[in-house]
Protein chains: 2
Amino acid sequence: MPKIVDHHQRRLDLVNATWRIIARHGIEGATMREIATEAGFANGALKPYFPTKDDLITSAFGHVFNQTNQRIATTSTGLAGMAALRAFALEVLPLDEDRINEARIVIPFWQKALTDPAKAQLHETSMEEWRNTMAGHLSRAREMGEVTARASNEDIINQLMSMLLGAQIIAAMSPTQHLPAQLNAQLEAYLLLLGPA
Amino acid sequence: MPKIVDHHQRRLDLVNATWRIIARHGIEGATMREIATEAGFANGALKPYFPTKDDLITSAFGHVFNQTNQRIATTSTGLAGMAALRAFALEVLPLDEDRINEARIVIPFWQKALTDPAKAQLHETSMEEWRNTMAGHLSRAREMGEVTARASNEDIINQLMSMLLGAQIIAAMSPTQHLPAQLNAQLEAYLLLLGPA
């Protein structure tokens with residue numbers, strides 16, 4: 001009987017291994033061989049799943065995005081308005097080692113996306129999804145009287161989006177100088193700016 | 001008589017050429033040979049100035065940082081408080097093609113800095129300089145009654161810093177979908193949040 005191979009699981013193992021390797025060594029340092037070893041595969045075993053390292057990087061970005069969305073779904077269950085917006089932002093902000101590692105994967109992806117329209121499109125679609133989520137919470141927060149700022153919802157979402165993305169750079173670049181507590185305080189202070197004086 | 005070579009000018013020409021090449025092709029696409037050709041040099045002529053492409057990238061980051069600071073110095077002459085803070089932010093934000101190109105240089109630098117402590121340090125020192133500049137303007141804006149928000153100056157600077165860095169990513173990734181007018185509106189709306197209601 002031929003060995004039954006769970007291709008979906010294999011793919012997942014590989015993506016997880018990429019995640020760990022890139023977080024540890026950066027993209028330059030991660031060879032297809034290292035990734036295969038980390039995932040417990042023979043060197044050639046990667047090809048059927050990811051023909052090139054580039055495919056792996058795209059897949060790792062998708063993985064991080066989905067992982068973040070799963071955390072958001074968990075922590076924002078039953079929340080609305082400002083509380084839901086806060087829960088969303090807290091899962092995107094690099095507030096612990098796992099999420100700082102995620103930032104370390106996303107930055108190389110951005111770098112690749114600069115010259116790769118398909119990657120840029122994937123980034124844009126993912127961010128659009130986040131913008132829509134935030135827009136929903138923000139509208140609700142207005143209805144609930146939690147947000148009273150004169151700034152338009154569009155401007156607020158742009159501000160939040162930039163802040164969340166910028167925080168990835170700050171935390172990935174120098175985590176010891178930009179502690180989670182600071183990012184947290186920065187977010188709280190911003191949300192407070194949106195509310196009634 | 002031996003030809004007199006202006007080494008400082010040569011170095012500057014090379015850095016400018018790198019700037020143009022990286023902006024056009026991305027870092028992956030820029031070979032030392034292309035950069036030399038663009039700068040009007042023979043292939044081997046780069047080595048004495050920049051032994052590796054890595055040295056060139058670091059230098060290009062420094063170049064962009066200095067260029068931005070020169071623009072800031074020009075546009076904020078005679079301004080204080082909120083007006084100076086606005087002028088500062090407007091020069092860092094990627095509001096035109098030149099500054100979007102700068103963002104396209106800075107993102108690959110960040111990616112390299114993830115695994116290169118010297119680059120991360122250069123980033124950190126540069127950002128610290130910007131933080132101090134913003135802190136000065138913000139204190140003055142408080143004194144002048146232009147900033148009345150309950151948020152601490154530290155939180156405001158962190159917010160601005162994240163927003164300015166995040167905007168680089170957003171504009172570099174999809175400039176056609178994130179127009180300068182939006183970034184501008186987003187900044188104005190944010191500065192308004194800081195002022196008296």
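Buried means under 20% relative accessible area, exposed over 50%, partly exposed in between (1.4 Å probe, protein chains only).

I noted the ground rules. Residues are numbered from 1 along each chain as its sequence is written, and chains are lettered from A in the order in which they are written. The model is predicted, so local features need pLDDT of at least 70 and side-chain atom pairs pLDDT 80 or more, while totals for chains, interfaces and linings use all residues; side-chain values use heavy atoms, without hydrogens and water.

I looked up α2(B), residues 32-39 (helices are DSSP runs of H or I, at least four residues). B:M32, B:I35, B:A36 and B:A39 are buried there. They cover an arc of only 100 degrees around the axis (directions from the axis to the C-beta atoms), which puts them on the same side of α2(B). The face turned away carries exposed B:R33 and B:T37. B:G40 follows the helix, with a positive phi near 80 degrees.

Next I checked α3(B), residues 53-75, against α6(B), residues 117-143. Their axes, lines fitted to C-alpha atoms over the stretch in contact, come within 11 Å and cross at roughly 5 degrees (scale 0 to 180 degrees between N-to-C directions). The two helices are therefore roughly parallel (angles under 35 degrees).

Definitions and conventions. Parallel < 35°, antiparallel > 145°, perpendicular 65-115°, else oblique.
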